[in-house]
Structures are given as C-alpha cells and as structure tokens.
Amino acid sequence: MSNESPKTFHVKNYGCQMNVYDGERMAEMFSGRGMEASDKEDADLVILNTCHIREKAAEKVYSEIGRLRRRDGSSPMIAVAGCVAQAEGGEISRRAREVDIVVGPQAYHKLPDMIDAVVRGESSVDLDLPGLDKFDALPKRRKSGPAAFLTVQEGCDKFCTYCVVPYTRGAEISRSFADLIDEAKALVDGGAKEITLLGQNVNAWTDADHDLGSLIRALDRIEGLHRIRYMTSHPNDMTDGLIAAHGEVEKLMPYLHLPVQSGSDRILKAMNRSHSRDSYLRIVERVRAVRPDVALSGDFIVGFPGESDADFEDTLSIVREAGNAQAYSFKYSPRPGTPAATMDDQIASEIADERLQRLQALINEQQLAFNQATRGKRTSVLLEKPGKLNGQLIGRSPWLQSVHVLAPGLAIGDIVEVEITESGPLSLKGEMLMKVAA
Ligand code: 5AD
Ligand code: SF4
C-alpha cells in the first residue's frame, strides 16, 4: 500500500464503450488535479476499469493485479473500478491485498477522496448504486477527439436471463436533457465532429416528454456537430419517433446496432427477451423503409441452455433474413447469480464452439459482401487516427467501416469525401476527392 499521493496515473479499460467513456472521465478528473497520464509500468496509480459480461472476468483481473507488481516487490496504488468491482466488492481487496480501492461504475467521481483515504493508510470501497451524482461531480468536458462518446443512460431493467448488467450497473436511469445538450456542446467546442450516445439500453433514455428520437433532433441543431450515432439499443425501445429520426435527421448515421441474440422464438423466450423473431424483423423493416441504406449490426449468443440444432439454424437464418452488415457473436457464458446459469440442459462447450465458428463465418461473409458493395461509391469519412503508412489517415464511413485514406495535408478531425477503391473484410481504402469539413 502506498502512502504518497500519486502524481501519475494509468487507466486500463476492459469491455464496452461505456467503460471507455468512464475511463475518459476519470482521466479528465485526474488531469484536473494536476496528475499526469503515464504508461502502466511507471504509473503511481493504476485503475483497472473492468468488465463482467463474460468468462472468467474476475480471474483476468486478479492475474493483471499480479502483473502490476514491480521488480522490487512493490506495487503502484491499485484501484479496481467497473463491473467486476461492483460484482465482487470487498472480496477483491481481501483476495488481492495490493488492491487499495474498489469502486463501482456509479461511484468513480469519488476516486480523489478515496485516493486521499489510501494516502492516510486506509483502504477504500464504494459500491453505491444507482445514481446520477457522478455526472454532476465530474469536471466539465474540455478537449475531445473527433469521435466522442456521451453516456446518456445507464443500467438496465430488462433482466435477460443470461446477463449481469442489471446487477452490476443497476436500474435504468437517464441523464437530464439539459445536461446532455450542455455536454454535447462542450464536446463539439472541444473538437468533436461526431457523438455516439451510449447506454446499456440507450433507446430507453427518456426525460419528461423527450425520447431518444427527440434528443437526436435537438443534437442535430448543434452547429459543428456532423454525425450522431447511438448504441446499444433494445428492440422493445425502438419508438416511432426514433425510427422516424432515421429518415429525417441527416446527421444520424445509417448504422443500427440492434441486438437480437437468437433467431429462435423458443430461445428468445428462455432468454426473457420480450420480443420475437418476427417483431424484431418488422422493426428492421420499418427502419429500412425510412433509411434504406442502413447497415444493421447486432449481438448474438450461441449455446444458450437448451439451444437445439434447429434453434441454432434459426439464428443463422435470421442473420441472412435481417441482412446483417456486421455483428458481434459470443459463446454463452454462465454468469453467477443469473437465472440461466442454473437452467437445465447447459450446452457442451465443443458444440457451442462449433456453432460460434459457423455463425462467425456467415457474419464475415455478409460483412465482406457489404464492404464490397461500397467499392466505387463516393462517401464521407471522418478521419480519426494516423495509419501505418506515411501520410495515411484512418477514419470511419457513415456505415462505421474503417477507411484508410492516403492524403498528405489532411489532419485528424477532417471530414473528407472519398471514392472507395478497395474493400476487404475489415477495412476499405478510399481515394481523396475533397475536404468537406475541417
Ligand atoms: N454470455 C455470452 N454473451 C453475453 N452477453 C451478455 N451476457 C452474456 C453471457 N452471459 C452478450 C450479449 C450482449 C453483449 C453485450 O454481450 O450479446 O448484447
Ligand atoms: Fe443485458 Fe438484456 Fe439488459 Fe442488454 S437488455 S444489458 S443483454 S439484461
């Protein structure tokens, strides 16, 4: 345990974009206190911002804690944050004595006080849930990359039978409309051209008579903001207003991450998804009716308890029928404390592995076909980071494809119009035509 106030910090993120957002806010908070970001190896304070969604998450954290031990046997000050912290609580510092702080995803604004407590020789655990206090307590946004995240909503009330999120992130809770508009403006002033609205159930966001569709329409009016995205959404919260926004708000990018999880009604019921295969497909159809070029993404779980060969075939067929341009797929992982973990008929690991491979092969095939269809087309790209080649920058198309552009004289944050000249499974090449915005 350290008893000097840390001067340097390192945040290591695991898991979803919500953790990326939280990690950024922690970094801003420490920088505001005069601390400097540094490598994991040299940092006085290391924050492990953990994820609990699948597989042996806690084990990974314990082995990372072990690796933080320095050659002389000492350790930096260690804070375990995020969903593993929430799930494991004080057990973490009992098992790994080098851990000084355990802080849940709703309490990390208290880290500065917790650090002071550690300096005084105390260890510190805070797992308060739920709350919006942290958003008021965190420093105002200043600098931003061209593509920024903005958490609008946290938590989940859906209780899918396989999922830990309702337990680790708590009940659904929405930030206020005014607060979000303020933060969005600050991000744009700080350099953001694109904002991705985040939430475990982002389209459950609501404030008085606003829904996510009306929030998007309000963001549309912010000058200097060029692109809006949102993730992750639930089929049951695709309101009429949100679907209509896809047809009317030009800044809303034609990309929809709408997890279905399985194509089998029997499995969807066992998962407590509260939508069916057909109701899902109808929603996709309605979005396509107003925005025909929308790229559909999603999440799938294979090997859920009781999943038969026929159920799995239904999953393959919904990928084809919905026409996914992209998707994330996972092998079912029993999470302690969730109803599915104790269901009969758990699927053998080898069967789930084989199904996962078949599903991923299909998704990759559709993704490649989607990418190939963009060859020869003109599209805009927001340049986000340097590429490997000299003068090369990498950005995203409206459909969230990664596009490599060779164009000396361009800068990160520029939006350019390109012609797509090559397409592969994971990325495209674009030839610069003109600059749209700088
Ligand atoms: N096992 C496998 N995948 C899971 N997900 C959530 N819980 C589990 C689990 N226990 C997946 C879902 C969700 C994504 C974020 O992670 O597909 O949409
Ligand atoms: Fe988990 Fe289901 Fe909530 Fe998504 S909707 S966070 S999968 S419980």
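Reader: Which atom of ligand 1 does the side chain of Gln-261 meet, and at what distance?

Author: A polar contact here is a pair of N or O atoms within 3.5 Å. In this model, a polar side-chain atom of Gln-261 sits 2.7 Å from an oxygen atom of ligand 1. Asp-299 also has a side-chain N or O atom 2.6 Å from an oxygen atom of the ligand. With Ser-333 it's a backbone N or O atom, 2.8 Å from a nitrogen atom of ligand 1. The protein covers 87% of the 400 Å² of accessible area that ligand 1 has on its own (Shrake-Rupley method, 1.4 Å probe).

A word on the source: this is a predicted model, where local features need pLDDT of at least 70 and side-chain atom pairs pLDDT 80 or more, while totals for chains, interfaces and linings use all residues. Residues are numbered from 1 along each chain, chains are lettered from A and ligands numbered from 1 as written, and side-chain values use heavy atoms, without hydrogens and water.

Reader: Which residues surround ligand 1?

Author: Being near means having a heavy atom within 4 Å. Among the residues around ligand 1 are Ile-53, Arg-54, Tyr-162 and Phe-330. Strands are DSSP E runs of at least two residues, numbered from the N terminus; β16 (299–302) and β17 (328–331) each give at least two residues to the shell.

Reader: How do strands β19 and β20 pair?

Author: Strands of a sheet pair through backbone hydrogen bonds, either parallel or antiparallel. Pairing takes at least two DSSP bridges. Here β19 (residues 392–396) and β20 (residues 402–406) pair in the antiparallel sense over five bridges, and Ile-394 has His-404 in β20 as its bridge partner.

Notes: A polar contact is a pair of N or O atoms within 3.5 Å; within protein, one must be able to donate a hydrogen and the other to accept it, and residues adjacent in sequence count only if both atoms are side-chain atoms. Helices (H or I, at least four residues) and strands (E, at least two) are DSSP runs, numbered from the N terminus.
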